[in-house]
Amino acid sequence: MGESTEQMQPKKAFGWAARDSSGVLSPFTFSRRATGEKDVTFKVLYCGICHSDLHFIKNEWEKDWASSYPLVPGHEIVGVVTEVGGKVEKFKVGDKVGVGCFVGSCHSCDNCASNLESYCPKLILTYGSIYYDGTTTYGGYSDIMVTDEHFVVSIPDNLPLDCGAPLLCAGITVYSPLRYFGLDKPGMHVGVVGLGGLGHVAVKFAKAMGVKVTVISTSPNKKKEAIEHLGAHSFLVSRNQDELQAAMGTLDGIIDTVSASHPLLPLIGLLKTNGKLVLVGVPDKPLELPVFSLLMGRKIVAGSATGGLKETQEMINFAAKHNITADIEVIPIDYVNIAMERLSKADVRYRFVIDIGNTLKSST
Ligand code: NAP
Ligand code: ZN
Ligand code: ZN
């Protein structure tokens, strides 16, 4: 006999959802499952706004990953544990925790066995996916989360929750390729393309690893801050041919965080022989790959998607140790649609974070 929704999902939840590909978010009452044996339930305090949330609410990745509505976004979620299941080992009530881009995986494939859950073919995203029990997952623009402890990370006491939240996606998405592609060796020279949410934390992580960083940006007005405040070694305006020309063949690697179509040829030109261009930004249309420029210099173009749970915890601990947090603009939930509009124009220094704890209130 099938269970009713109320039996399966007895926890009342409240959040903001997009109802269609206009992407407009509005209040949404829904429910979540009871705390299972291995689940951690927590009160959400802050949630970052990732550009992926914007892609998803507008169904911009329709061909690869279609959005389903209502869609409650949010995968840079932090909060405080309110309840744990009987078999939870790592967390207790009162702990500070975070959840990133996914909340389930198969636990048996080669990727899962190698702590690379983000590459599991049965990956369950934090929002807009179907969970094991057949219900839809909803993200962190909401008051509570119920998450299998395997997908929950512990937030160290000295890491502030508001500016720590973006590390759950932006942080791990840039930390993982810096490590995996060996772009983390002191003295190396790495480029970061796009100084947004991901880009600015990439600068901070690379710097903490002892790497020299060049920012490649479309926004000349970000130069002063990138150098003086974020500590970038140099700053190239990507539309300035002279600047690009002068920097040809100087970079060991590049982390490309750009969210829209853009030419790869100038970036490949900036790489040294054997240099690596790692794409983490996800434009909605395919990019052109100029093969000749790759051959001449044995260069590599690669991709990377967030990171596994073990590495996410490692990244959070590294951030806490090196005082790495995001530069944020904290907003109330009812500003979220304006924030999305501004994010689409790269008008944020450098991450919006929603103050869920103080501003998300159900009217019922
Ligand atoms: P963001 O804050 O909007 O930053 C993107 C930056 O890209 C902008 O600040 C801007 O920097 C630059 N940019 C924007 N439009 C551009 C254009 N038309 N041409 C050239 N540069 C442009 O976004 P984000 O949250 O960092 O996310 C960036 C991308 O990564 C998104 O596509 C997102 O979906 C993706 N993402 C991927 C993963 C993954 O696992 N691989 C995880 C999270 C996010 P400047 O002003 O400096 O040019
Ligand atoms: Zn994200
Ligand atoms: Zn798996």
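The following paragraphs go through this predicted model from the whole chain down to single residues.

The chain has 13 helices and 17 strands. Its radius of gyration is 20 Å, close to the 21 Å that the globule rule gives for 364 residues, so the chain is as compact as a globular protein of that length. The C-alpha trace spans about 65 × 40 × 40 Å along its principal axes. Of the 364 residues, 56% are buried. The accessible surface comes to about 16000 Å², and 53% of that surface belongs to carbon and sulfur atoms. As for charge, there are 35 positive and 38 negative side chains, and the centres of these two sets lie 5 Å apart. Contacts across the sequence also describe the chain: among those between residues at least 6 apart, 67% join residues at least 24 apart.

Are Cys-50 and His-75 buried or exposed? Cys-50 counts as buried because its relative accessibility is 3%. His-75 has a relative accessible area of 5%, so this residue is buried as well.

The loop between H2 and E4 also holds Pro-70. Tyr-69 and Pro-70 are joined by a cis peptide bond, with omega about -5°. Another cis peptide bond joins Arg-349 and Tyr-350, where omega is about -10°. Tyr-350 belongs to the loop between helix H12 (336-344) and strand E17.

His-107 is not a glycine, yet its phi is positive, near 65°. His-107 is found in the loop between strand E6 (102-104) and helix H3 (110-113). With a relative accessibility of 42%, His-107 counts as partly exposed. Arg-298, also not a glycine, has a positive phi of about 45°. The loop that holds Arg-298 runs between helix H10 (291-295) and strand E15 (300-303). Arg-298 is exposed because its relative accessible area is 62%, and exposed means over 50%.

Helix H5 takes the reader to the interior. How many of the 11 residues of helix H5 (residues 170-180) are buried? Nine of them are, so the helix is largely enclosed by the rest of the structure. The buried residues are Ala-170, Gly-171, Ile-172, Thr-173, Val-174, Tyr-175, Ser-176, Pro-177 and Leu-178. Their cover includes strands E10 (189-193), E13 (251-256), E14 (271-279) and E17, together with helices H6 (197-208) and H11 (309-321). After H5 comes Gly-182, which has a positive phi near 65°.

Strand E17, part of the cover over H5, comprises residues 351-355 and contains Val-353. Val-353 has a relative accessibility of 0%, so it counts as buried. Leaving aside residues up to four places away in sequence, Val-353 touches Tyr-46, Cys-47, Gly-48, Asp-162, Pro-166, Ile-328, Glu-329, Val-330 and Ile-331. Ile-77 is 276 residues away from Val-353 along the chain, and the C-alpha atoms of the two are separated by 9.6 Å.

Where does Thr-147 lie? Its place is in strand E8, which covers residues 144-148. Thr-147 has a relative accessible area of 1% and is therefore buried. With residues up to four places away in sequence not counted, Thr-147 touches Arg-33, Lys-38, Asp-39, Val-40, Phe-42, Val-99, Val-103 and Val-152.

Note on methods: Residues are numbered from 1 along each chain as its sequence is written. Chains are lettered from A and ligands numbered from 1 in the order in which they are written. This is a predicted model: local features need pLDDT of at least 70, side-chain atom pairs count only at pLDDT 80 or more; totals for chains, interfaces and linings use all residues. Side-chain values use heavy atoms; hydrogens and water are left out. Helices (H or I, at least four residues) and strands (E, at least two) are DSSP runs, numbered from the N terminus. Buried means under 20% relative accessible area, exposed over 50%, partly exposed in between (1.4 Å probe, protein chains only). Contact means heavy atoms within 4.5 Å. The radius of gyration is taken over C-alpha atoms; the globule rule is 2.2 Å times the number of residues to the power 0.38. Accessible areas come from the Shrake-Rupley method with a 1.4 Å probe; for residues, only the protein chains shown count as cover. Lys and Arg count as positive and Asp and Glu as negative; His and the chain ends are not counted. The place of a charge is taken as NZ of Lys, CZ of Arg, CG of Asp or CD of Glu.
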